[in-house]
Amino acid sequence: MNSMLPLPDPHEGDSSSWEEELDKAIFSFEDIQAELNYKQAQTALRSLVNKLDLTPQEKRGLEEEIGDLEVMLGKLDRMVVQIAAFGMVGRGKSSLLNALVGQSVFETGPLHGVTRAAQRVNWSISEDAIASSSRTLRVTLPGIGQSQVELIDTPGLDEVDGETRTALAEHVAKQADLILFVISGDMTKIEHEALSQLREAGKPIILVFNKVDQYPEADRMAVYQKVRDERVRELLSPLEIVMAAASPLLKTAVQRADGSRGIQLRAGNAQVEELKLKILEILHREGKALVALNTMIYADNVNEQLVQRKLMIRDRAANELIWKAVITKAVAIALNPITVVDILSGVVIDIALILGLSKLYGIAMTETGAIQLLQKIALGMGGIGASELLATLGLSGLKTLLGISAPVTGGASFAPYVSVAITQAGVTGVASYGIGQVTKAYLANGATWGPDGPKAVIGKILATLDETSILNRIKDELQEKMKRRG
């Protein structure tokens, strides 16, 4: 890069072709479609938005993430490139953006004081909340062709606390295609930390050394070299650092009314040509990829969060459904003295559990399919399935005898009856719990067992079951129910 920035020339204006050049650099729809299959990215993201497969319960608390996906889809549809400016208060972020635009669209000074009167006919201005007290300002310029350029001004890094600063970096930097990090001298610790956070987003960053008109040439170069060689050596290359004077003040000799001479400061033309060229260079080199690729990467990150949240919610709902089925089956078996009815009612409840879980995970399944899945699981469970059958047959027979003899013994056999019933119910409840957990894993994996096959999956799940703990929980709940019935 040319490290020598000339002093501002009061007669030099910004290039009138900046918008045209920016538009050409960023977007030619045919080129994007040919090189990156831009249409396919749009289709993929639209399909993702339209097929989130979320229940009303799952959507609660995810409104922001879903909204982010829709924003990114809109960005692809409108062909928007986003350029976000970060920096501390007083570094000239807003002035720099105004210089790029060629108009005073962004109010200089603290962002909280932005006036709506700054809106122009050809610009769309909006604000985004980042935290309860911090907002970012977005200004969108319709391009010459189909493209749009969106400039984003953010709160001063020292206006917000560390937590909000992190949220700000994550929220804006993940969406932005290009980041301008503005300094006006040697970097502070806060600036270095913020730049490191933004670097993690993996987006192109231009470090802008602004207000260079306020330094003598020797001092200006000393600061530039210190920043380049010490502060950001591991974060940015020298090619990613430019110097600018967004709102330079020029000294002009004036003659006062009393005849004496003095110096008056007046605004000069912005010196941002080097920054404009750097932006165009980046966009010429990779701008087409940035818009499509950044959008899809961001959408993929959001989608991963949605999937994890959806699985967590469904897992919790599935566990509740499994536990209800376990207790229902245990109570039904404990209170039913007839052996055949014991077995049939247990099977019916297990089938109903499988059908309920399949509905929860959005996988269509018929009763025949549920029966076949139950058979596979029962075979895979081996010992537990056999224990349940033996317990149902043996204990049910004993329970029946104790029930029949209750009138003869004057109720003396009732206590043993309850004990046997609870034991039988506990054993069958554990088996039902295992069936539910295996079914949940099968359905959560898209109704497949995965590469290891059903036996391996069932074995892994059963190995994690604490049967003693489950059995005690079932017994405790059954005893409470039996007491209430008594």
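These are my notebook entries on a predicted model of one protein chain.

**Entry 1: ground rules.** I number residues from 1 along each chain as its sequence is written, and my side-chain values use heavy atoms, with hydrogens and water left out. Local features need pLDDT of at least 70 in this predicted model and side-chain atom pairs count only at pLDDT 80 or more, while totals for chains, interfaces and linings use all residues.

**Entry 2: the whole chain.** I looked up the secondary structure and found 16 helices and 9 strands. Helices (H or I, at least four residues) and strands (E, at least two) are DSSP runs, numbered from the N terminus. Of the 486 residues, 45% count as buried; buried means under 20% relative accessible area, exposed over 50%, partly exposed in between (1.4 Å probe, protein chains only). The chain exposes about 23,700 Å², with carbon and sulfur atoms supplying 54% of that area. Accessible areas come from the Shrake-Rupley method with a 1.4 Å probe, and for residues only the protein chains shown count as cover. I then took the contacts with a separation of 6 or more: 73% of them are accounted for by residues 24 or more positions apart. Contact here means heavy atoms within 4.5 Å.

**Entry 3: nonpolar cores.** I searched for nonpolar cores, that is, sets of buried Ala, Val, Leu, Ile, Met, Phe, Trp, Tyr and Cys residues joined through side-chain atoms within 4.5 Å. The largest has 35 residues, and W323, I377, Y433, W449, I470 and I474 have the most contacts inside it. Two or more residues each come from α10 (273-335), α11 (339-360), α12 (367-381), α14 (414-444), α15 (453-463) and α16 (467-485). Helix α10 gives the largest share, 8 residues. I listed the partners of W449, leaving out residues up to four places away in sequence: L373, I377, V438, Y442, P454, V457 and I458. A second, separate core has 30 residues, including V172, F209, I241 and A245.

**Entry 4: W18.** W18 is found in helix α1 (residues 18-26). Its relative accessible area is 9%, so W18 counts as buried. Beyond its neighbours within four places in sequence, W18 is in contact with L100, K276, I279 and L280. I also checked W18 against E273: the two are 255 residues apart along the chain, and their C-alpha atoms are separated by 9.5 Å.

**Entry 5: K278.** Which residues does K278 touch, not counting those up to four places away in sequence? I found I206, L239 and V242. K278 is found in helix α10 and is buried, with a relative accessible area of 9%. A polar atom of its side chain lies 2.7 Å from the backbone oxygen of L239. The K278 side chain also meets that of E281 in a salt bridge (3.3 Å, N to O). By salt bridge I mean a side-chain nitrogen of Lys or Arg within 4 Å of a carboxyl oxygen of Asp or Glu. K278 and E281 are separated by about one helical turn, because they are 3 residues apart in helix α10. E281 is partly exposed, at 39% relative accessible area.

**Entry 6: other salt bridges.** The structure holds 10 salt bridges.

- D153 and K93 meet through their side chains (2.9 Å, N to O). D153 is in strand β4 (residues 148-153) and K93 in helix α6 (residues 93-101), 60 residues apart. D153 and K93 are both buried.
- D186 pairs with R231, with the closest N and O atoms 2.8 Å apart. D186 is in the loop between β5 (178-183) and α8 (189-199), and R231 is in helix α9, 45 residues apart. D186 is partly exposed at 32% relative accessible area, as is R231 at 27%.

**Entry 7: positive phi.** I noted two residues other than glycine.

- K211 has a positive phi of about 60°. K211 lies in the loop between β6 (205-209) and α9 (217-231) and is partly exposed at 23% relative accessibility.
- A447 has a positive phi near 65°. A447 lies in the loop between α14 and α15 and is partly exposed, with a relative accessible area of 24%.

**Entry 8: a surface patch.** L249, I263 and L265 make a nonpolar surface patch of about 320 Å². Patches are made of residues with over 30% relative accessible area and no salt bridge, with like charges joined within 9 Å and nonpolar side chains (Val, Leu, Ile, Met, Phe, Trp, Tyr) within 5 Å. I263 has its place in strand β9 (residues 261-267) and is exposed, with a relative accessible area of 58%.

Note on methods:
Polar contact = N/O pair within 3.5 Å; in protein donor to acceptor, adjacent residues only side chain to side chain.
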